[in-house]
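Today's notebook page is open, and I have a new structure to look through. Here is what I looked up, in the order I looked.

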Amino acid sequence: MKNENILIVGVGGQGVILASDTVAEIGMNNGYDVKKSDSIGMAQRGGSVVSHVRWGERVFSPIIKLGEVDYLVGFEKLEAARWSHYLKPEGTAIVANVEIPPASLLSANMSYPAHEELIGTITTRTENIHLVPATDICRKAGNPRALNMVMIGALSVFLDLEESIWSGDIRGRLRPDFVDSSLKAFSLGAENVRKNII
Amino acid sequence: MKQLLSGNEAIALGAYHAGVRVGAAYPGTPSTEIMESLAQFSEIYTEWSTNEKVAMEVALGASYAGVRAMASMKHVGLNVASDPFMAAATTGVDGGLVIVECDDPGEHSSQGEQDNRHYARMAKVPMLEPTDSQEAYELMDWAFRISEEFDTPVLVRSTTRLSHCKTVVNVDRERLSELKKPQFKASPAKYVMVPSNARVRRSAMEERILKLREYVNDFPLNEIIMNDTKIGIISSGVGYQYAREVFKDASHLKLVTVYPFPDRLIREFSEKVERILVIEELDPFIEEEVQRLGIPVTGKEFIPIIGELNPEIIENRAIEAGLLPEKTTTNPHPKAPAASLPPRPPLLCAGCPHMAAEYSFRKLGLAERDDTGDQNEEKFDKNRIIVTGDIGCYTLGVYAPLFALDTTACMGASIGQALGLEKAGVKDKIIAVIGDSTFFHSGITALIDVIYNQGTTTVIIMDNGTTAMTGHQGHPGTGISATQRQVTQVDLESLVRGIGIDDVSVVGAFDLKEINSAVKNSVQSEKPSVVIVRGACPTHIRIKSTPYQVDTEKCTGCHMCLRLGCPAMRITGDTVAIDTESCTGCSVCAQICPVKCIQVVS
């Protein structure tokens, strides 16, 4: 039984928590001991959201140690860069090509960092970076709110689990009218990464 | 059946299966989901109480009726409830009474950090602390049984990490089928705490804690795990998980009964190992108990006393203290890139009904000053209006660019503080800002104090029709119960008038002109006054008007609109752009724009 550490990061409102709930429950249904821990700031919307998922034979700490993340799933580039130091040197970063400028830019007199700077930051930890055109994929799937499904689809390529386990869990979790487009988003997310690996 | 449950969900399910009949709480991070989860079970009476004190009293009353009852709250909620809590410790119980309180090490969402284990010692009641959701689930049954067996309220302690972390729970029981029928057995000697009775109960408390001290030695969830005997670690709560993670080869004692202390068990463990370490968040509570037994112990010398722990902190401190060998890995701890990246602090949401009012306070306070230059914090030092704040989303208005608050202490403090400033002789105008839920929680008594003591305080009640910050729970002003039923709605305006405030105005939260004039009139008035700023929380009632856009031809780039701090707005080049996706169409920015270049999207 593999021990794996997955860190899912993004911005409040992007669906990080639903994604990590899905991933954690799928781990449990696959027989793993699982722990999942979220850090959400005080804001209802717009703050940094970080979700740790750990699984294996037996898991103690619900928080992943610095430098021990196998898979960093970034729903937003700045957040992916912010948490990239949690990655193992050989770890994998799956990053949505999404930019959400923090409102603090106005008062901090800063600008949103350049794409190269953010990817460069992640590269200092790992060369295994998969940039996912998540917004385009959502559009293709016909569901603009399915970013989280695209991203766990992309993550699923690296995890040793059947696709049917995923679709079963997703089906049970979403409103019926969102199921089809969400599953499509999941598959397209997976396909995008698979294509780039080969 | 296996379920992935948060600590809070597990506590609720455990209480449900243990046959709890009445549950009461006031929402507060990280405890809120306990009562939300419990409210799903129709067999149980659950309520959002007006505040934690009332929640404790409701649970105590239910216990007197012979049924199992619980109250849940955040750490500082127990401060509010401490009076009836101490009374419960004195009278004891009939039906099991469990108080779940959630500490917040690291102050993720609190105004302070405090270690509530001290309450157990002060009240001489037992405290249990689970190490994961499985244990939280099992522990609730134990907690009710201990409560009934020893005639005592029982504290169950959780922390933010434990409450919000999801772990696998083997749900292996169902709700107790035979529950006691509610029946109050009158016993003035036990329940009427006049001094002569209270003195008798006082002795009972001491006898009780001695019995419990013996009982916890054999408590089955305390566990010794023997490995290498060089180091033996005593830990509790989530600290136990970190201890197991970092000290993989050491021997461990998992302490679930954090108070009273299992002396015999600790002695037994200490005899088996060469040295004892204690890993615990916040105060050296366990450490001091070990010291009391005369056992040499290392604890807070290497583990921080402030903030939340995590595996890194423990590992690094242990290496520094020579308790663990240096790391030989080629993966030294990487540096955080965070410093160079723009932060993402919590902010008011787009379309937040607090924004215009908080903007207006500062605007009025700065009326006689040059208002066109760059905003910076120093400029606000000479406030012309002092704003005493309270606990809620509007507290976020303290940050740039609103800089709207001068104080925030605890629930309900704004009004008393404003009166105190006034009575001290401060010449500035003073306004107290408090949310609707917080006003019901503990603002009312202070407002009565203002009336009674002839204050002239201006109180702004930010009425967004919900308890927003904790995730939109009902409160007396909403007319929606914890189980989502329509119930009697307490009318804020009549309540305030009933207290004796004549000068009451109700203004729309998105009408800047109306807010300005109401606040101005109120602060100039020599009478106490209340301005109710009413507007729905957009993350609760998801009504969206047509969004606004900036006419870039007309925009002069003065950035006045940005002083609202609305996250839907940003600078693009020389002008400002509005994200139509997140704009709720509240129109406040358009009201501010001096050249009227912000208009409804056509």
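This is a predicted model: local features need pLDDT of at least 70, side-chain atom pairs count only at pLDDT 80 or more; totals for chains, interfaces and linings use all residues.

I started with a definition: a salt bridge is a side-chain nitrogen of Lys or Arg within 4 Å of a carboxyl oxygen of Asp or Glu. By that rule I get five salt bridges between chain A and chain B. One of them pairs A:K65 with B:E315, at 2.8 Å from N to O.

Residues are numbered from 1 along each chain as its sequence is written, chains are lettered from A and ligands numbered from 1 in the order in which they are written, and side-chain values use heavy atoms, with hydrogens and water left out.

**The interface**

I looked up polar contacts next (a pair of N or O atoms within 3.5 Å; within protein, one must be able to donate a hydrogen and the other to accept it, and residues adjacent in sequence count only if both atoms are side-chain atoms). Twelve residue pairs across the interface of chain A and chain B qualify, both residues at pLDDT 80 or more. On the side of chain A that touches chain B, strand 2 of chain A gives the most, with seven residues. I take helices (H or I, at least four residues) and strands (E, at least two) as DSSP runs numbered from the N terminus.

Contact, meaning heavy atoms within 4.5 Å, takes in 55 residues from chain A and 51 residues from chain B. I noted about 4500 Å² of buried area between the two chains, 60% of it from carbon and sulfur atoms; this is the accessible area (1.4 Å probe) lost on putting two parts together, summed over both.

Strands pair if DSSP finds at least two bridges between them. Strand 2 of chain A and strand 8 (residues 166-170) of chain B run antiparallel, joined by two bridges. There, A:K36 has B:K166 as its bridge partner.

**One threonine**

Is B:T438 buried or exposed? B:T438 is buried, at 4% relative accessible area (buried is under 20%, exposed over 50%, partly exposed in between; 1.4 Å probe, protein chains only). I find B:T438 in helix 17 (residues 436-452) of chain B. A polar atom of the B:T438 side chain lies 2.9 Å from the backbone oxygen of B:I391.

**A sheet in chain B**

Last, I traced an open sheet of seven strands in chain B, ordered 3-2-4-5-7-6-12 with mixed pairing. Strand 3 (45-48) and strand 12 (257-259) of chain B are at the edges with a single partner strand each, so one side of each lacks a neighbour in the sheet.
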